[in-house]
Amino acid sequence: MNTITFKVNGLEYNLKGEENEEYLQKVANYVDKKMQNLMENNEKLSISAAAVLTALNSVDEMFKAKKERNSLVEEVKQYDNNKVHVNEQLEYLKKQVKHLEEYNLELQNRLKSGVAQESLNKKDQTIENLNDQISILEESAKSYLEDKNRYQSQNRELKFQVHSIKYKAIDLENRLMENQIDLAKTKRN
């Protein structure tokens, strides 16, 4: 377990976590910047009020990031479904091309024995059209894969942000508790 000492609003805190020290420092710096920003924009805020507002803002960001992540996960699932459908269409068209090529060969054999050239030309055109459709479907499949990879990358980043915000919220809850204890002690004195 890693432990770091960091400052938030001039006060030192210890933070323990399973993550590496660089990550923990990043979380601490994020919270410090958020609190400093709140307190700079409203000088009348107490430290405990700023901590609560920072916690609320961080949890809000976490909820929004989770919502966006879920949306991206759904989009990735949709792209996966589309990819399956495109692959099925591609296989069907390949079978059709193979069938037409066989039929074309049969027509060529007939042509050699006197069957009309016109029928052969129509089949060649159909094969060309099917090959064009296959090319278009292959391009669509590549596009879906690129989109899927992009969404997976965004999904990993959102997971990281959600994880970061979770630790920020836990830290803020702890700080809030400490501030409430300090406040109660101060009131008692």
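Mentor: Let us begin with the word "buried": a residue is buried if its relative accessible area is under 20%, exposed if over 50%, and partly exposed in between. Please keep in mind that this is a predicted model.

Trainee: Is Lys148 buried or exposed, then?

Mentor: Lys148 has a relative accessibility of 19%, so Lys148 counts as buried.

Trainee: And what does the side chain of Lys148 meet in a salt bridge?

Mentor: The partner is Asp80, with 3.5 Å from N to O. Lys148 lies in helix H3 and Asp80 in helix H2, so this pair ties together parts that are 68 residues apart in sequence. Asp80 is partly exposed, at a relative accessible area of 26%.

Trainee: Why do such side chains pair?

Mentor: Side chains of opposite charge can pair when their charged atoms come close.

Trainee: How many salt bridges are there?

Mentor: The count comes to seven. One of them joins Lys142 and Glu139, whose closest N and O atoms are 3.8 Å apart. These two residues are three apart in helix H3, which means that about one helical turn separates them. Glu139 is partly exposed, with a relative accessible area of 49%.

Trainee: What about Arg175?

Mentor: Arg175 forms a salt bridge with Asp171, and their closest N and O atoms are 3.7 Å apart. Here the two residues are four apart in helix H3, again separated by about one helical turn. Both Arg175 and Asp171 are buried.

Trainee: Let me change topic. Which secondary structure elements does the protein have?

Mentor: There are three helices and two strands. Their order from the N terminus is β-β-α-α-α.

Trainee: In which sense do strands S1 and S2 pair?

Mentor: They pair in the antiparallel sense, over seven bridges, with S1 covering residues 2-8 and S2 residues 11-17. Val8 has Leu11 in S2 as its bridge partner. Two residues lie between the strands of this hairpin, and Asn9 takes a positive phi near 55°.

Trainee: Which residues touch the most other members of the largest nonpolar core?

Mentor: Those are Ile4, Phe6, Val8 and Met35, in a core of 19 residues. The elements that give two or more residues to this core are S1, S2, H1, H2 and H3. The largest share, eight residues, comes from H1.

Trainee: What is Ile4 in contact with?

Mentor: Beyond its neighbours within four places in sequence, the contacts of Ile4 include Tyr13, Leu15, Leu24 and Ala28. Another core, of 10 residues, lies apart from the largest one, and its members include Val86, Leu93, Ile127 and Ala141.

Trainee: Where is Asn179, and is it buried or exposed?

Mentor: Asn179 is in helix H3, which covers residues 117-188. Its relative accessibility is 13%, so Asn179 counts as buried. Not counting residues up to four places away in sequence, Asn179 touches Ile47, Ser48 and Ala51.

Trainee: Finally, what is the radius of gyration of the protein?

Mentor: The protein has 32 Å, whereas a compact globule of 189 residues would have a value near 16 Å. Along the principal axes, the C-alpha trace spans about 115 × 35 × 20 Å.

Trainee: And what percentage of the residues is buried?

Mentor: Buried residues make up 30% of the 189 residues.

Technical notes
Residues numbered from 1 in each chain as written. Predicted model: local features only at pLDDT ≥ 70, side-chain atom pairs only at ≥ 80, totals over all residues. Heavy atoms only, no water. Buried < 20%, exposed > 50% of the residue type's maximum accessible area, 1.4 Å probe, protein only. Contact = heavy atoms within 4.5 Å. Salt bridge = Lys/Arg side-chain N within 4 Å of Asp/Glu carboxyl O. Pairing = 2+ DSSP bridges. Core = buried A, V, L, I, M, F, W, Y, C linked by side-chain atoms within 4.5 Å. Rg over C-alpha atoms; globule rule 2.2 N^0.38 Å.
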